[in-house]
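Dear colleague,

Please find below the structure that I am handing over to you, together with its sequence. My notes on what was found in it follow.

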Amino acid sequence: AEALITLLAAARARRTVCTVDTEAWPPARCRAALDAAKAKDVVCATADNARDVKARLGIDGDEVGIIVMDAFDDDGEGMDANEEEEEKEPNATWYLAFTSGTSGGAPKPVPATHDAVMAYARNKIAVERIQSDSVVMLASNATFDLYMGDACAAVLAGATCAASSRAMIQSDFALVVRASGATHVCCTPTVFSLLRCAPSEVPTLRCVTLAGEKMSTQTLETWAPAVELYNAYGATETTVVQTYARMRVG
C-alpha cells in the first residue's frame, strides 16, 4: 500500500517516483538505481525500515532526505484542496521504471510521462472494461511497470485498488483474491500460477491479463473459458504494454 500512496502523492505533487526493492535487489543495484535517478528523497514505510535502508545502501542523511510514512499523522500539514495547482506539464516524468539494460549493461531508468501513462490507462480501461465497481488487484512487484499501470487505470476508472504483501500472494494468492473480491488481475504467468485453484473458487474474478512471459497451455485451457483472458506484450520504453490478444480455446 505504501508504494501506491507514494505513486499517487507524487502525481499530485508533480514529482518523479523511482521504486527499488531493498528486500530482493542487492544493495549495489539499489544504490545504482538511486544514483541513476538522482534521487533527492527516499520514502520508507517505518523508522526501522529507514534505518535498515540507510545502513544497507550507505545513505547519508545530508546526501539524500529520508521520509518516514508512519511518522505522519492526521493533523499534519498538507495541500489545501482549494490551493491553486502548478501548471500541469503532460510531458513531465511521473515515474522511472528500470530495465535490465542492453548488451549486459547496468539497469537503465526509463521515464514514463504523465500523458503517456494516462494514455495507457485509458486504453487499459477500455480493453479490460474496468468500471467503478471493479476491484483491481495490484499483484505485481511495485518496481514492475505493470504495477504502475494497474494503479493508474484503477484510479482513473474510479475503481478499487486491492494491495497485498508479497508474502501473502506467495503463500495463498487465492485467499487474497477472494478476500479482496478482485475482479481484475494483471501480472506475469509465474505470479498467476501461484493462484493454485479452479476458476470457480474465485468467482469475482472476471478479467486476467498476463504479460512478461509465455502463457502456458494449461493456463489457457483452464482460464480462457471462465474469464476474459488476455495475453499482453510491451516494452518498458513505450510505457507498460502495447498489445492485447484475447485468448480462447480452439
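The model contains an open, mixed sheet of six strands, ordered β7-β6-β8-β9-β10-β11. Helices (H or I, at least four residues) and strands (E, at least two) are DSSP runs numbered from the N terminus, and two strands pair if DSSP finds at least two bridges between them. Because β7 (160–162) and β11 (243–246) each have a single partner strand, one side of each edge strand is left without a neighbour in the sheet. From one strand to the next, the twist averages 20°; axes are lines fitted to C-alpha atoms, for helices over the stretch in contact, with angles from 0 to 180 degrees between N-to-C directions.

This is a predicted model, in which local features need pLDDT of at least 70 and side-chain atom pairs pLDDT 80 or more, while totals for chains, interfaces and linings use all residues. Residues are numbered from 1 along each chain as its sequence is written, and side-chain values use heavy atoms, without hydrogens and water.

Strands β6 (residues 135–137) and β7 run parallel and are joined by three bridges, with Val-136 partnered by Cys-161 of β7. Helix α6 (residues 166–180) packs on the sheet, where it touches β6, β7 and β8 (184–187) (contact: heavy atoms within 4.5 Å). The direction of α6 makes about 175° with that of β6.

Leu-7 touches Val-17, Trp-94, Tyr-95, Met-148, Ala-151 and Cys-152, leaving aside residues up to four places away in sequence.

Yours sincerely
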